[in-house]
Amino acid sequence: MDVSIQRALNDKLYDKRKVGALELERVIRELVVTRDYPRVQAILEQLCNEFAYAVHQPHARNGGLIGLAAAAIALGPELPRYLEKIVPPVLACFTDQDARVRYYACEAMYNIAKVAKGEILIYFNDIFDALCKLGADSELSVKNGAELLDRLIKDIVSESAASYVSVLEGELSYDLADKEEIEDRPPPPTAFSLRRFIPLLQERIWVINPFTRQFLVGWITLLDSIPDLELVTFLPDFLGGLLKFLSDPNRDVHVATQSCLDKFLSEIKRISRVKKGIAESKKSREGGKRKREESVDSGSVQIGAEEGDEVDPDSSDDHGEEEDDDDDASGEEDWIPGQDVQINYRKILEILTATLDSPLEEDSLLESLRWIVEFLDICPEEVLPFTPKILAHMLPAMASGVESIRQAAARVNAGLMDYVVSLSDEPEIGGPSQSTSRIPISGERQDGASSARASLSSSRDLEIRSPTPAQAHKQSLPNANASPPSGAHPQVDLDYAAAVNALTLLFLNDHEATRVAALTWLIMLHRKAPRKVLAFNDGTFPALLKTLSDPAEAVVTKDLQLLSQISRNNSWKLNNSSTMQLSELRKRLRNLESKASPALYAPHVATFSLCLLAQAYEQAYNLLQIFAELEMTVNILIQIDKLVQLIESPVFTYLRLQLLEPENSIGYLHIAPKVNPSSSTSSSYDRPNRLKGRDDGIIRWNELLEKFRSVQERARRAQRHSGETEDGRGSLSDVRLGEGADGKGLKETRNTSGPPVPVKDPAPPAAPTTAKRTGGLGMRQIRNLGGAVRGKRPG
């Protein structure tokens with residue numbers, strides 16, 4: 001540069017620097033016309049090194065900035081070749097300590113970008129990062145300059161971001177390849193890359209400054225409005241931070257963020273509708289095509305049969321090919337924006353459920369609930385795996401002090417419950433079965449949708465009835481002729497264990513509405529899958545018993561309803577031993593061969609019932625002797641009482657007849673109501689005993705009994721050591737005898753019993769009563785029964 005230009009650019013007065021810049025612009029224009037590019041390169045080097053990078057000389061930096069802007073204007077169409085030399089020093093001045101330098105840097109970048117247009121997008125990330133910081137600058141003039149530059153960059157991005165390719169990329173392609181290779185090569189990359197920008201946005205989205213937040217929301221909204229960019233694909237990368245903006249005390253930030261989120265949600269819904277419509281259209285076209293092919297084939301066969309003409313397969317093939325071509329052509333023409341956009345629903349739901357963990361951020365919580373409601377309509381199968389976590393935070397929100405949050409939580413609750421109810425019931429052993437649940441599903445809601453929704457959502461009026469044993473057994477039978485409904489979604493598994501754990505913990509919630517809603521969910525889940533939810537020996541059962549002392553009447557009512565449902569289901573399970581469908585199994589047990597033996601499992605009554613079915617009466621008597629040494633629990637006594645009632649069923653007729661043998665009648669008459677044992681005493685003790693015996697040498701009963709006794713003793717010691725005997729968890733009936741001596745079966749059973757729930761101290765045992773029982777057997781009567789089976793008189 002001439003010495004006069006250098007002196008002017010280094011002056012402290014702006015007017016003199018401006019005069020020097022105008023003179024420099026004239027010189028560079030002349031050099032471009034004469035194509036003296038080395039001289040241009042030398043001038044740019046001098047502007048950068050001696051002026052723009054002069055850190056401790058603010059006047060020189062200001063002169064260098066205005067000089068670089070003048071050079072960019074003078075270069076015009078030749079500017080793209082020199083941007084890599086001009087832009088970096090201007091970016092460096094954005095962080096200068098002097099506010100005037102930062103302002104002149106904004107002014108210089110504005111002039112450069114105005115000439116470069118789409119070429120400036122190569123440096124978009126650097127400019128965006130600088131503007132993100134300058135938007136919160138303490139100097140008002142700097143903020144105003146940054147705002148002007150921001151508007152210009154937004155205009156350039158809106159016009160060119162989706163398709164602009166740098167001229168340097170085009171020149172490079174032509175230099176490196178001939179014409180044929182260029183046609184085969186993929187198109188060159190665009191100057192702006194959303195994939196390169198997203199990591200920067202991820203880093204900046206967690207800022208706290210309201211001005212920076214406003215800046216970010218503005219850019220996110222702009223980029224989302226450009227159709228070809230499809231910013232919604234990258235939504236999980238910044239959605240978490242964007243939701244935090246809703247809690248900003250600055251009202252402008254809140255309004256802008258809410259509007260941005262609304263646009264994203266509307267776009268997701270639109271894309272979902274487009275994809276569903278395309279899938280339905282494709283399915284209908286395929287169905288129509290198959291029908292046409294079938295009609296053509298059938299028509300050809302009929303014509304040939306009636307007229308005797310030969311069928312020309314080529315003509316039909318040509319016709320079919322023409323139809324295929326027509327279908328393909330129509331499919332290619334009917335392209336709809338958004339049909340190829342991929343949205344990661346699972347990651348979005350992970351962010352939404354994580355936001356539910358922050359109940360203090362009410363705006364974020366409300367927005368997350370609103371999105372979950374919409375996702376239940378868009379992709380309910382994706383929401384289902386998150387059900388336990390949603391329940392843990394959504395049900396407490398139903399008792400929130402904010403009306404809008406309560407309503408949003410209620411909508412989520414109703415939508416999620418309706419979807420879970422619409423899923424098929426759990427398949428039974430032997431094959432999947434069609435759901436015969438009386439809870440209204442999607443196909444049955446037409447008659448009483450409002451009443452069904454109210455019955456499922458109400459905290460007091462829910463009335464889900466458990467099946468009778470006959471109905472429940474019908475549900476368990478495989479239906480060979482049943483077929484899944486058309487158009488049904490693929491079955492998605494619900495984590496019942498995690499859902500029950502989350503609901504059980506909500507029993508400790510302070511709000512009555514939350515506790516009632518948790519019990520309502522448990523009733524529904526148990527109705528759908530009783531084997532996966534609750535049982536008498538489940539660790540959650542003590543929590544239900546403790547809830548009976550809840551001060552809220554609605555909670556106690558729901559608790560009793562659930563306990564009644566569990567009880568009826570358990571009765572149905574015990575009744576299975578007397579059903580017609582197990583008659584073949586009972587016959588095989590009665591004709592027990594030497595190579596097979598009934599496995600002795602630790603559930604006491606089940607083992608005893610198995611021995612009765614197998615007519616192994618002496619071993620049943622030995623089991624009763626072991627029972628007498630064990631500590632009785634409520635669960636065991638309930639099962640014994642039900643078994644005694646089952647003995648009166650037709651299945652055990654042979655047992656009752658055998659017990660009426662004169663040599664065995666004493667014990668049975670002792671337990672029979674209103675019968676005097678002495679009046680039926682017979683002297684025919686010489687008659688042969690017709691009770692079916694077992695050869696101890698064939699089946700090793702003694703080893704099985706000793707194994708049963710040892711495992712029961714280990715379980716008793718383990719219970720006493722852990723202190724869990726009183727609350728009913730880890731019951732002896734949970735232990736399987738086939739486990740090794742290390743007690744692994746006991747540990748595994750305890751680990752699956754659910755979360756520890758505090759229970760009240762057990763009430764003292766009631767005083768023995770002398771009232772007569774007309775039905776059911778006590779332990780003394782059971783021993784008498786065993787003595788009768790063994791052929792002994794009761795003591």
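## A first look at an all-residue tour

Arg35 counts as exposed, because its relative accessibility is 61%. Here, exposed means over 50% relative accessible area, buried means under 20%, and partly exposed is in between, with a 1.4 Å probe and protein chains only as cover. The model is a predicted one, so local features need pLDDT of at least 70 and side-chain atom pairs count only at pLDDT 80 or more, while totals for chains, interfaces and linings use all residues. Residues are numbered from 1 along each chain as its sequence is written, and side-chain values use heavy atoms, with hydrogens and water left out.

### The whole chain

The chain has 36 helices and zero strands. These elements are DSSP runs numbered from the N terminus: helices are H or I with at least four residues, strands are E with at least two. Of the 795 residues of the chain, 45% count as buried. The accessible surface comes to about 41,900 Å², and 52% of that belongs to carbon and sulfur atoms. Such areas come from the Shrake-Rupley method with a 1.4 Å probe, and for residues only the protein chains shown count as cover. Among contacts between residues at least 6 apart in sequence, 74% join residues at least 24 apart; a contact means heavy atoms within 4.5 Å.

Arg35 is not a glycine, yet its phi is positive, about 60°. Lys117 has a positive phi as well, near 55°, and is also a residue other than glycine. The loop between α6 and α7 holds Lys117, which is exposed with a relative accessible area of 51%.

Tyr53 belongs to the loop between α3 (37–52) and α4 (58–75). With a relative accessible area of 38%, Tyr53 is partly exposed. Leaving aside residues up to four places away in sequence, Tyr53 touches Cys48, Pro88, Pro89 and Ala92. Tyr53 and Val90 are 37 residues apart in sequence, and their C-alpha atoms are 9.1 Å apart in space.

Over residues 86–121 the chain is 72% helix and 0% strand, with the end C-alpha atoms 14 Å apart.

### Charged partners

Side chains of opposite charge can pair when their charged atoms come close. A salt bridge is counted when a side-chain nitrogen of Lys or Arg is within 4 Å of a carboxyl oxygen of Asp or Glu. By this rule the count comes to 22 salt bridges. The table shows some of them.

| Salt bridge | N to O distance |
|---|---|
| Arg61 and Asp96 | 2.3 Å |
| Arg204 and Asp129 | 2.6 Å |
| Asp98 and Arg100 | 3.5 Å |

What does the pair of Arg61 and Asp96 link? The pair links distant parts of the chain, with Arg61 in helix α4 and Asp96 in the loop between α5 (79–93) and α6 (99–116), 35 residues apart. Arg61 and Asp96 are both buried.

In the salt bridge between Arg204 and Asp129, Arg204 lies in helix α11 (residues 194–204) and Asp129 in helix α7 (residues 124–134), so the pair ties together parts that are 75 residues apart in sequence. Arg204 and Asp129 are buried too. A network of salt bridges links Asp129, Lys133, Glu203 and Arg204.

### Further along the chain

Helix α23 (residues 496–505) has several buried residues: Tyr496, Ala499, Val500, Ala502, Leu503 and Thr504. What covers these buried residues? The cover includes α19 (387–397), α24, α25 (530–533) and α26.

Helix α24 (residues 512–528) carries His526. His526 is buried, with a relative accessible area of 2%. Its side chain makes a polar contact with the side chain of Gln565 at 3.1 Å. A polar contact is a pair of N or O atoms within 3.5 Å; within protein, one must be able to donate a hydrogen and the other to accept it, and residues adjacent in sequence count only if both atoms are side-chain atoms.

Leu548 is in the loop between α26 (541–547) and α27 (553–575). Leu548 counts as partly exposed because its relative accessibility is 31%. Together, Leu545, Leu548 and Leu560 make a nonpolar surface patch of about 240 Å². Patches are made of residues with over 30% relative accessible area and no salt bridge, joining like charges within 9 Å and nonpolar side chains (Val, Leu, Ile, Met, Phe, Trp, Tyr) within 5 Å.
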